[in-house]
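Please look through the sequence and the model shown here before reading on. The report that follows takes up a few residues and helices in turn.

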Amino acid sequence: MKKTLKIAAVAVAIFAILAALSLLYTYMKLQKVNLSVVNAKLYKESEITDVFEAAEDHTTYVFVYDSENEDCIYLDEVMLRQISNENGEIHFDEIYKINYKDSSSTYNNQIIKNLYSIESIPAIVKVKKLDSGYDILDTFEWSANTKTDIENLTAFLKRNELIPVN
């Protein structure tokens, strides 16, 4: 009988620990810290016209972004954050995230890639809205496993005067 009680007590203790860990994990997921230094809102592709209308010369920066893609998150929360830190904690409020994942089909995703003339995501594209479409002025595209991406991103941001040129 004592052995059975000990086993039951251990089982209850393990269950309590697992329940506490589950609650902690849920709390941490809900309290995720936003490390992004770009414009906070995640736009649907259909909403981006409003951004262009608000821009003085109808030129803006579109960050083709998928919140479940590790490369997108890395570019957003690590690389851009590092460049921000190196340049006096600046924010890139003129870079607007377009929700690539919002396009639920491969066909729609390809339309977004064609629209912004990109091969892959993540990408940041300097775009000018014209009466008959878009003019792509400059592009930074992620290249997986390339150590020069931070240099390429920095060069893109400097070319477009989003960070100071030394």
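## Residues with positive phi

H58 is partly exposed, because its relative accessible area is 29%, where buried means under 20% relative accessible area, exposed over 50% and partly exposed in between, using a 1.4 Å probe and protein chains only. This is a predicted model, in which local features need pLDDT of at least 70, side-chain atom pairs count only at pLDDT 80 or more, and totals for chains, interfaces and linings use all residues. Residues are numbered from 1 along each chain as its sequence is written, and side-chain values use heavy atoms, with hydrogens and water left out.

H58 sits in the loop between helix 2 (48-54) and strand 2 (59-65); here helices (H or I, at least four residues) and strands (E, at least two) are DSSP runs, numbered from the N terminus. The phi of H58 is near 60 degrees, which is a positive value in a residue other than glycine. E161, in the segment after helix 5, also is not a glycine and has a positive phi of about 55 degrees. E161 counts as exposed because its relative accessibility is 69%.

I112 belongs to helix 4 (residues 106-115) and counts as buried, because its relative accessibility is 3%. L162 lies in the segment after helix 5 and is likewise buried, with a relative accessible area of 12%. Each of these residues is paired below with another residue of the sequence.

| Pair | Separation in sequence | C-alpha to C-alpha distance |
|---|---|---|
| I112 and V64 | 48 residues | 8.4 Å |
| L162 and E94 | 68 residues | 8.6 Å |

## Helix packing and a cis bond

How do helix 3 and helix 5 pack, and at what angle? Helix 3 (residues 70-86) and helix 5 (residues 149-159) meet at about 65 degrees, with their axes 10 Å apart, where axes are lines fitted to C-alpha atoms, for helices over the stretch in contact, and angles run from 0 to 180 degrees between N-to-C directions. Helix 3 is therefore roughly perpendicular to helix 5, a term that covers angles of 65 to 115 degrees.

In the loop between helix 4 and strand 4 (123-130) lies P122, and the peptide bond that leads from I121 to P122 is cis, with omega near 0 degrees.

Definitions and conventions:
Angles under 35 degrees count as roughly parallel, over 145 as roughly antiparallel, 65 to 115 as roughly perpendicular and the rest as oblique.
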